Amino acid sequence: MNEFFSILKPELLITAIIFILLFVKITKTMKTSALLLLIQGLLLLNFVGGFFFNTEGNLFGDMYFSNHLLMMQKSILNLAVFLISLLFANCLRHHEHLPEYFILMLSALLGMFFMISSQNMLMFYLSLELATIPVAAMANFDLEKKASSEAAMKMILSSAFSSGILLFGISMLYGATGTISFNEIPFALDGSVLNILILVFIFTAFAFKLSIVPFHLWTADVYEGAPMATSAFLSVVSKGSVAFIFITMLYKVFQPMSETWYNMLIILSIATMVIGNLFAMRQQNIKRFLAFSSIAQVGFIMVAISSGSAKGISSVVYFVLIYVFSNLAAFGVASVIATQSGKERIDAYKGLYKTNPFLSWVLALALFSLAGIPPTAGFFGKLFLISAGAFKANYGYIAFVALNMIVSLYYYLVIVRAMFMDRNEQPIEKIHLHPANKIGLIICAGGIVCIGLISWIFDHIQSLVG
Amino acid sequence: MNLTYLILLPLFTAALVLLARNASQVKVISLLGSVAQLILSVGLYVAYRKEMVAGNTAQMFFEADYKWFPAWNIGFHIGVDGISVAMILLTAFVVVAGVLVSWNVSKMTKEFYFLLILLSLGAYGFFISLDLFVLFFFLEIAVIPKYLLIGVWGSGKKEYSANKLALMLMGGSALVLVGLLGLYFSYAGHSFDLMKLSSIHIPIQIQKICFPLLFVGFGVFTAIFPFHTWVPDGHSSAPTAGSMFLAGISMKLGGYGCLRVATFLMPDAAKEYATIIIILSSIAIIYGAFATMMQKDLKYINAYSSVSHCGFVLLGIGMLTQTALTGAVMQMVSHGLMTALFFAVIGMIYERTHTRMVQEMGGLLKVMPFIATTLFIVGLCSLGLPGLSGFVAEMTIFVGSWSHPDNFHRIATIIACMSIVVTAVYILRAIGQTAMGPLKEEYSTLTDAKWNEKAAVIVLLAGILAIGIAPGWLNDLVRPATEIITQKIGAVK
């Protein structure tokens with residue numbers, strides 16, 4: 001019984017927080033500002049709690065599995081959610097449905113935890129749905145805005161579509177192999193045409209969730225319409241968790257078909273990087289810009305996944321950790337500016353350095369980290385992704401990936417240039433930062449600067465991967 | 001001597017700059033920091049010298065290997081040989097002069113000096129690293145400072161130049177990255193360590209792919225033809241100290257990388273591709289020189305002549321003889337000092353006349369004798385007058401390349417020699433029009449150099465004269481290191 005609690009600890013903690021918020025909501029005793037503080041405190045406790053009493057083991061008849069690497073992945077997601085609660089304090093503080101918002105977010109997170117721990121297609125499918133449907137409700141949370149409902153609609157339709165494809169794939173898989181357990185499937189796969197078809201269907205479902213080109217079309221619209229906190233959650237937490245289970249799926253379940261998925265990954269990652277980069281260059285809205293940049297980043301993640309090695313796993317986990325800090329910092333600054341001044345266009349950022357030097361530096365650091373320039377952590381993250389991909393000794397592909405980094409640098413510099421160099425008669429006025437925002441941004445900036453230079457973190461992740 | 005001080009000192013200075021209260025504190029801290037760094041670098045030279053005299057025959061001195069990402073077999077491996085010491089000395093001189101010249105920067109002083117110090121940190125780290133990952137890290141660390149220095153404090157079409165420079169240099173480093181990964185996987189058990197990689201024979205097929213990637217990638221930094229186009233725009237748009245750092249230090253990173261990484265690790269491929277390198281560098285030398293003749297802006301004149309002068313560096317590397325390689329390193333040091341001084345003087349003139357157009361000036365010798373005289377000296381150094389550093393370096397390269405008995409190498413040498421005549425034409429014309437002739441009325445009230453400008457000039461001139469008058473010390477410093485490289489090349493069948 002004791003073991004049950006320690007294995008299932010991350011999920012139980014999240015459930016406990018959900019219940020606490022539910023009671024607070026029903027009793028209506030707290031003001032929203034105090035409530036936000038409570039939520040932040042609980043999430044911090046949850047994050048810290050993730051490091052103690054961790055045990056490996058199976059539960060529910062081998063449907064659920066946990067080890068130290070998965071605990072680490074869950075801690076990264078916990079950290080991201082804690083940072084979201086800090087960084088978006090400005091816009092969430094006055095929302096009357098604040099507890100519901102976090103209940104939804106934590107339900108999605110709970111789904112993700114079960115998803116990355118799943119050992120069985122059934123468990124996987126259920127938890128994937130749990131991780132998706134609350135996010136659609138979160139996308140609809142700007143209740144007065146039409147764009148927000150539109151985003152939610154697009155999100156739910158495309159998720160339903162991808163779930164359908166996934167279910168079809170799973171049912172074929174069951175038909176072909178007679179099992180849905182992750183441990184048994186690899187031995188039943190024989191590489192026949194039907195198996196390839198199964199892989200294509202399941203891969204497609206993942207491609208929807210990760211917004212891999214050509215299944216990315218929902219991304220930019222949803223990011224643009226949804227509240228900023230939801231977009232940030234989608235781009236960091238949701239992408240990260242799906243990337244984790246994607247690795248398990250490919251490396252473990254479809255291990256016998258590694259040749260096939262390797263080729264699929266190479267082709268789609270090239271398409272993803274190119275399309276993401278080309279579209280990001282032309283964006284005028286900061287949210288759409290970040291949407292396309294996150295599509296391009298997924299392309300880089302796929303490079304490492306294609307290696308099929310332990311280095312591939314560790315570098316993806318490491319990159320997601322860095323991505324949490326860099327992308328959340330970028331979204332955080334954009335959200336503070338959008339809440340205060342209502343401006344979301346990149347043109348409006350001209351001359352920002354004059355009035356808001358702190359925000360400008362944080363955003364610049366985040367963008368340099370996303371572009372992969374030292375001394376920021378993004379440099380190490382990107383470099384390790386590419387190095388892992390180079391294990392297959394396909395240097396033409398690696399050269400292509402490296403050249404894509406230059407294209408991405410170009411559009412990240414557009415914003416840096418707007419903030420630091422372009423003149424503007426009426427720049428965005430001095431923005432008053434809520435203390436929570438400030439703390440969140442400082443944590444992000446600190447993470448961006450330090451995580452790369454402290455090599456212990458990568459080595460720790462590597463030792464967990466084994 | 002512990003080499004980490006060379007990185008820690010700029011880091012410490014940069015941190016202090018961030019904490020400083022006002023602009024004058026920032027300047028004083030930066031100056032003290034850079035002077036301390038200069039003393040440290042001279043101390044490094046003295047310590048190195050002492051070891052050499054004591055008969056230490058190790059390839060790398062003061063080696064240290066700290067753990068950094070052991071999962072990837074990456075170590076923070078540092079050490080210096082003669083070439084690195086020469087480049088570190090060059091960097092230290094240019095940084096002190098750059099800090100002094102920027103004394104009048106009033107726009108965002110703190111950020112400006114912070115970025116300058118960060119840029120110098122990248123250079124120091126680059127020159128001492130013996131692990132290719134660390135080397136690449138320090139190579140790229142300078143991208144942000146360069147971009148911001150040009151884009152924020154520059155003049156003219158600065159945004160365009162900053163973008164062009166950042167993207168082209170990033171493109172160069174992307175090629176370097178792929179080449180480095182090729183080397184990394186060619187070592188059994190995977191390693192980025194320069195010494196480990198140099199101890200094995202890298203398979204010839206890998207050399208054939210990686211050498212061009214690395215040479216062109218580093219070559220972009222040192223303006224290899226046809227990837228030199230960022231140089232004129234970047235240099236002319238940058239603020240004075242920015243141009244000095246770019247031409248004096250940053251371009252040398254490329255030459256050092258071509259020599260230390262590409263040629264040293266892959267001698268077979270270096271021999272194979274030497275012809276192409278020589279052709280490209282000869283084109284750069286001649287093309288740069290003729291392009292300079294057409295320029296009317298002083299900064300463009302120096303920028304294009306940098307393309308020509310850096311061509312000599314690559315020519316020396318392409319010749320692959322010991323004398324030519326030594327000459328290439330000497331040319332890097334000499335050109336670094338000379339071009340930094342040239343940009344410093346141009347900056348001083350521009351600050352006073354508010355123009356850099358040659359035909360709008362005239363007779364400046366009468367109102368600012370110190371600045372105009374420096375312009376003369378640096379111009380003569382650029383065209384290779386004996387007694388100044390340019391002559392020593394170029395002469396060494398020519399002697400080294402002439403020692404090849406075949407026609408191809410000799411014709412390339414003759415072409416390179418002829419460019420000196422073209423250099424003389426444009427330099428003398430530019431200086432003559434600027435400093436001599438009738439003085440324009442609006443310039444009659446201009447003042448001569450102030451203390452900080454004089455100090456900057458003296459620091460750099462001291463370096464130029466030290467090489468020009470007594471080149472032996474630099475030769476002794478560099479020769480043992482180039483000998484190891486030529487031995488490796490000689491061992492190739």
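1. Chain B has 493 residues, and a compact globule with that number would have a radius of gyration near 23 Å; the value for chain B is 21 Å, which agrees with the expectation. This is a predicted model, and every value in this note should be read with that in mind. Along the principal axes, the C-alpha atoms of chain B fill a box of roughly 70 × 60 × 45 Å.

2. As for what chain B is built from, its secondary structure comes to 20 helices and two strands. Of the 493 residues in this chain, 62% are buried.

3. The box filled by the C-alpha atoms of chain A, taken along the principal axes, is roughly 65 × 60 × 45 Å, and residues 24 or more positions apart account for 80% of the contacts in chain A with a separation of 6 or more.

4. Which helices of chain B each supply at least two residues of the side that touches chain A? In the contact between the two chains, 27 residues of chain B meet 25 residues of chain A. On the side of chain B that touches chain A, helix H5 (132-141), helix H6 (143-153) and helix H7 (158-186) each supply at least two residues. The largest share comes from H7(B), with twelve residues. Sorted by class, this side of chain B has 21 nonpolar residues, four polar ones and two charged ones.

5. B:Ala20 sits in the loop between helix H1 (4-19) and helix H2 (23-53) of chain B. Is B:Ala20 buried or partly exposed? B:Ala20 has 18 other C-beta atoms within 10 Å, and it is therefore partly exposed, since a buried residue needs 20 or more. Leaving aside residues up to four places away in sequence, B:Ala20 touches B:Gln25, B:Val26, B:Ile29 and B:Lys110. B:Thr292, by contrast, lies 272 residues from B:Ala20 in sequence and 42 Å from it in space, C-alpha to C-alpha.

Methods. Residues are numbered from 1 along each chain as its sequence is written. Chains are lettered from A and ligands numbered from 1 in the order in which they are written. This is a predicted model: local features need pLDDT of at least 70, side-chain atom pairs count only at pLDDT 80 or more; totals for chains, interfaces and linings use all residues. Two residues are in contact if their C-beta atoms, placed from the backbone, lie within 7 Å. Helices (H or I, at least four residues) and strands (E, at least two) are DSSP runs, numbered from the N terminus. Ala, Val, Leu, Ile, Met, Phe, Trp, Tyr, Cys and Pro count as nonpolar, Asp, Glu, Lys and Arg as charged, and the others, Gly among them, as polar. A residue is buried if 20 or more other C-beta atoms lie within 10 Å of its own, exposed if 12 or fewer, and partly exposed in between; C-beta atoms are placed from the backbone. The radius of gyration is taken over C-alpha atoms; the globule rule is 2.2 Å times the number of residues to the power 0.38.
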